[in-house]
Amino acid sequence: RSSDLPPAPHCRGLTRALLPIAPQPRAHIASGTWGESTHRTPGLTRALLPTKNEIAEMEEDIRRLEEDLRLKRGPLKLAHTRLETRTYRPNVDLCRDKVQYGLTDEVHQLEGTIAALKQKLAQSLDALDALYKHLARIQEDIRCKENSLLQDNKCIDTRKKLTVPAEKYMPTVDTFNRTTNRSLSSLKVRQLELA
């Protein structure tokens, strides 16, 4: 970029030469970030709806599993009660017949079904937890992108306000020497060159 600059005799000339050039690359970078953010935010918003739908479906599945578990506990209690009553009958010997084996098999099947339902419920709860974490990440990304957009818009607005032609920006007082800016006579210019 230094080859694009005109030669400047002193700092004010260099500043005047840089002022119109400097905002251009920054504006390009800011507009690139802004464009990226505006394109990515709708994508994140679109990802939000399917995640919420999956959460609703998973919660419904969990409700059904809990209901199935509740419905299986009653028959299990009944089978346990019947088996215990049959095992401890007064004045009757314990006999291992079809009915006894049938009750034992029924209890084992119900316990196996309940264990499988509990395992499936635990897996569903873990998946629901993962979906909630994913939803929180998406919402955080959306908040971050919206904040970035807000900051980019503020930056672009500020840049537009600060873009001033170099002629209007030229101060009337030289703050370094505390003198007014005026052209020097040729004699003083030659004296400065000799010094």
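Arg-64 pairs with Glu-60 in a salt bridge, and their closest N and O atoms are 3.9 Å apart. That separation falls inside the cut-off, because a salt bridge calls for a side-chain nitrogen of Lys or Arg within 4 Å of a carboxyl oxygen of Asp or Glu. The model is predicted, and side-chain atom pairs count only at pLDDT 80 or more. Arg-64 and Glu-60 both belong to helix 2, which covers residues 23–87; they are four residues apart there, so about one helical turn separates them. With a relative accessibility of 46%, Arg-64 is partly exposed. Glu-60 is partly exposed as well, at 33%.

Arg-64 also forms a salt bridge with Asp-61, at 2.9 Å from N to O. Asp-61 and Arg-64 are three residues apart in helix 2, and this spacing again amounts to about one helical turn. Asp-61 has a relative accessibility of 32% and counts as partly exposed.

## A bridge from helix 2 to the following loop

Which residue does Asp-97 meet in a salt bridge? Its partner is Arg-86, with 2.5 Å between N and O. Asp-97 sits in the loop between helix 2 and helix 3, while Arg-86 is in helix 2, so the pair ties together parts that are eleven residues apart in sequence. Are the two residues buried or partly exposed? Asp-97 is partly exposed, with a relative accessible area of 27%. Arg-86 has a relative accessibility of 15% and counts as buried, because the limit for that class is under 20%.

Salt bridges with shared partners join Glu-60, Asp-61, Arg-63 and Arg-64 into one network. For the protein, the count of salt bridges comes to seven. As a general point, side chains of opposite charge can pair when their charged atoms come close.

## Cysteines

How many disulfides are counted? The count is zero. A disulfide is a covalent bond between the sulfur atoms of two cysteines. Cys-144 is partly exposed, with a relative accessibility of 45%. Cys-155 is partly exposed too, at 30%.

Ser-124 is part of helix 3, which spans residues 98–162. Is Ser-124 buried or exposed? Its relative accessibility is 12%, so Ser-124 counts as buried. Apart from neighbours within four places in sequence, Ser-124 contacts Met-58, Ile-62 and Leu-65.

Ala-47 is located in helix 2. Its relative accessible area is 30%, which makes Ala-47 partly exposed. In sequence, 92 residues separate Ala-47 from Gln-139; in space, their C-alpha atoms are 9.9 Å apart.

## Overall architecture

The protein contains five helices and two strands. Read from the N terminus, its elements follow the order α-α-α-α-β-β-α. Of its 195 residues, 18% count as buried.

## Confidence

The mean pLDDT of the protein is 76, and 67% of the residues score at least 70. Which elements have the lowest and the highest mean pLDDT? Helix 1, at residues 11–18, has the lowest, 43, and helix 3 has the highest, 92.

Residues 1–30 have a pLDDT below 50, and beyond near neighbours in sequence this stretch has 22 contacts in the model. Where pLDDT is low, the predicted coordinates should not be read in detail.

Notes: Residues numbered from 1 in each chain as written. Heavy atoms only, no water. Buried < 20%, exposed > 50% of the residue type's maximum accessible area, 1.4 Å probe, protein only. Contact = heavy atoms within 4.5 Å. Disulfide = S-S within 2.5 Å. pLDDT = per-residue confidence, 0-100.
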